[in-house]
Amino acid sequence: MSCRKARLADPEKEKVGILALQLKEREVDHSELIITLLSNAVAQFKRYKCPRMKSHLMVQMGEEYYNAKDYSKALKLLDYVMFDYRSERWWKLLTSILNTALKCAYLMAQVKDYITYSLELLGRSSTQKEEQKSRIEKNLLKVLMNESPDPEPECDSKAVKTAQKLWADRVSLAGSNVFTIEMQDYVPFVECKARFLAPSFHVDVPVQLHVYLKADCPHPFRFSKLCVSFNNQEYNQYCVVEETYQSSDILEASAQGTMCLVPGKTRKYVFKFVARTEDVGKKVEITSVDLVLGSDTGRCVVLNWRGGGGDAASCQEALQATRSFRRRPKLPDNEVDWESVTIQASTMVISRVPKISVRLRHEPPALTNEMYCLVVNVQSQESTTAKDVKLTAGLKPGQDANLTQTTHVTLNGTEMCDDSHPALLPDIPIGDLQPGEKVEKPLFVRCGQVGTRIFLVHVSYVITTVVEGKEIVCKCHKDETITIETVVPFDVAAKFVSAKFEHMDRVFADIPFLLMVDILSASPWGLTIVTSKMQLAPSMASVDQTESQLDQVILQTGESASECFCLQCPPAPNGQSGVASGHYIISWKRSSAVQSVPVVSTVVTLPHVIVDSIPLYVHADLPSFGRVRESLPVKYCLQNRTKLVQDVEIFVEPNESFMFSGLKQIRLRILPDTEQDLLYNFYPLMAGYQQLPGLNISLPRFPEVTNQLLRRFLPTHIFVKVWHRFCKIPSYCYSSHIFRVNYNGKNIAFCFNHLFCNFQIYVFCLIVLISWFLFSPKVGRQMK
């Protein structure tokens with residue numbers, strides 16, 4: 001209690017103690033402690049992925065570095081954070097950071113950083129007041145004139161004095177005074193948009209380019225040079241606007257000057273140049289747009305926009321403009337709406353529009369393996385001579401490999417193409433074409449496989465023209481594509497039939513059979529079959545001559561033609577049942593084709609056939625027709641095809657249409673490789689297509705050989721004619737069933753639905769004769 005009273009009794013001593021403690025505390029670096037704590041906090045938020053909180057703490061660290069007069073670290077941190085605030089469009093926070101960064105740049109006399117932050121504080125993203133912007137613009141102009149700027153407000157007086165000395169050294173320094181600033185990373189007070197007027201330009205039309213500039217600073221601003229750079233540097237010289245003036249003239253910006261930007265107004269600069277002919281088919285791209293502020297006598301600042309312009313905020317602003325439904329105000333004709341301008345940083349140089357007509361004449365579809373004629377008509381519509389005209393024609397590249405390998409193109413239509421001919425004929429010379437001149441070039445295409453093909457006809461030529469007073473040589477070309485379907489010309493079907501035209505799935509050794517070939521036209525155009533040829537395999541033999549039966553036959557769409565060949569096959573080797581038949585060759589061409597077009601030979605592989613052996617072969621020898629009540633001799637020939645003696649049992653089945661004389665039932669033996677003949681006399685009783693008496697044959701040694709199999713070699717029916725001394729049916733009346741009666745030079749014709757039997761005919765004829773005698777006047781007078 002006494003100590004407390006003693007302390008309170010000496011207030012002066014207490015006051016001195018407090019001052020001593022405060023003096024001691026001033027020796028402690030609080031900023032370092034704060035920065036350490038903030039750094040730990042930044043690491044914590046970075047670890048747990050809190051980017052906005054991390055950016056906020058980094059701003060606080062930068063400000064603390066500024067308070068600690070460590071301007072370089074402060075500027076480094078603030079510059080790092082500004083990128084995030086620009087992308088997220090926190091303009092008010094960005095303005096505050098820029099003010100701090102501008103102070104740091106001033107106090108360190110960093111000219112480039114000072115100019116960069118001044119450009120951004122004057123821009124549309126800054127929330128500075130107008131008087132502050134005017135002050136910053138004034139300082140920026142001083143820097144461009146190589147003078148020291150005024151101090152920034154709220155700066156430490158000692159630091160300002162140091163900075164003024166540094167700026168004085170910068171002014172007197174004779175080093176480089178040209179600074180280049182990339183505008184894509186900032187939001188400056190100058191905006192730039194460059195666009196080509198079209199996505200492509202013909203080589204004989206000047207390329208037009210517009211560059212739009214807009215300033216947002218408080219007062220008009222003057223620049224010294226505007227230039228556009230391209231991927232082809234030869235065009236750079238045509239897109240430059242430049243004005244030379246003294247460094248002091250930058251303060252005398254006139255709103256009417258060509259090189260002056262008025263705040264809020266869009267200025268358009270028009271450039272025009274002629275593209276090189278070597279760049280046809282290539283892109284012309286804007287690599288950069290440079291706007292130069294200042295002059296050579298002071299400081300030069302090059303504002304560089306990559307591509308066709310745009311800065312850190314342009315993309316977001318363009319997106320908002322497309323989504324906005326705000327009605328745009330109507331501007332005068334001499335003004336440009338900035339939001340309606342879009343960036344077009346590249347264009348294509350394309351060839352001159354060809355003034356030439358290309359027409360194709362042909363008759364689709366193409367037929368497999370034919371020399372398909374494709375006539376190309378080329379006519380010049382140029383006002384001057386088209387020189388070095390060349391034609392490239394054939395299968396368009398990039399199609400299926402099988403189609404490419406089976407397609408051949410030639411100019412010679414008199415010879416058949418082979419595999420050595422290409423699918424595309426390049427650079428066929430045509431020569432020079434005068435105005436209005438027409439040239440016709442026939443091409444012949446051979447397609448060896450069905451399918452759809454795309455053919456290309458490319459005509460190129462050279463012509464001289466004048467563009468903007470400059471004479472250039474233009475290479476022009478015109479492409480025509482055509483789709484051609486390739487189809488098979490005809491379908492070929494081959495089948496084996498017996499002598500009675502019955503289908504056979506197998507043939508018998510040394511027994512004649514028939515090979516029927518049917519040709520069905522599948523072409524929409526007429527086909528002329530020049531000839532046909534049978535190439536038999538060694539295992540086949542022809543019974544008669546295999547001459548063509550279809551020479552010069554013309555087939556229209558859907559029509560068919562057939563021919564028949566009589567063949568026989570020797571016994572097949574042991575262990576081999578099926579044998580090859582050979583090939584069938586058809587030589588054909590279009591009926592509309594010219595005489596010089598070669599004939600197409602289509603080879604059809606005939607089917608294999610199974611060859612069986614038969615122990616007994618039976619065939620009949622009889623006339624082609626018979627007559628009623630006249631003897632019809634028939635001889636049956638039996639051949640033993642084995643090395644054994646054959647026991648043969650034969651039984652003849654009678655029917656109502658025939659009487660016959662001969663052995664009705666017989667058993668005989670036939671020696672190996674010999675023949676036995678059986679003679680019969682058949683006596684027809686009825687007219688018409690009558691069934692013959694059946695011959696039943698059985699082989700005790702070969703029970704598997706049935707009677708039905710043997711009877712396949714024998715005829716079953718024969719046509720029987722009517723024969724009478726009063727009645728005669730001409731051969732041309734059989735099919736129509738017309739019956740004629742001749743009496744006293746008069747013909748009486750009757751039509752029957754069916755042929756009657758012989759007895760019915762006699763009765764009918766008797767009735768007709770009686771009626772004739774009774775009702776004829778001449779006959780009645782003779783009887784009286």
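Which residue, with a positive phi, follows H5? In this predicted model, helix H5 is followed by arginine 89, whose phi is positive and lies near 60°. The helix itself covers residues 71-87, and its 17 residues should span 24 Å at 1.5 Å a residue, which agrees with the 25 Å that separates its end C-alpha atoms. Within H5, the buried residues are Tyr71, Ala74, Leu75, Leu77, Leu78, Val81, Met82, Tyr85 and Arg86. An α-helix has 3.6 residues a turn, so residues three or four places apart point the same way.

Elsewhere in the chain, an open sheet is formed by four strands in the order E22-E24-E28-E26, with antiparallel pairing. Its edges are taken by strand E22 (490-497) and strand E26 (541-542), each of which has a single partner strand, so that one side of each is left without a neighbour in the sheet. Strand E26 is joined by two bridges to strand E28 (residues 560-568), the two running antiparallel, and alanine 541 stands opposite glutamine 568 of E28.

As to the confidence of the prediction, the mean pLDDT of the protein is 83, and 86% of its residues reach 70 or more. Over residues 1-6, however, the pLDDT is below 50, and this stretch has zero contacts in the model beyond near neighbours in sequence. The pLDDT also stays under 50 over residues 725-759, although for these residues the model has 49 contacts beyond four places in sequence.

Notes
Residues are numbered from 1 along each chain as its sequence is written. This is a predicted model: local features need pLDDT of at least 70, side-chain atom pairs count only at pLDDT 80 or more; totals for chains, interfaces and linings use all residues. Side-chain values use heavy atoms; hydrogens and water are left out. Two strands pair if DSSP finds at least two bridges between them. pLDDT is the predictor's confidence in each residue, from 0 to 100. Contact means heavy atoms within 4.5 Å. The expected span of a helix is 1.5 Å times one less than its number of residues. Buried means under 20% relative accessible area, exposed over 50%, partly exposed in between (1.4 Å probe, protein chains only).
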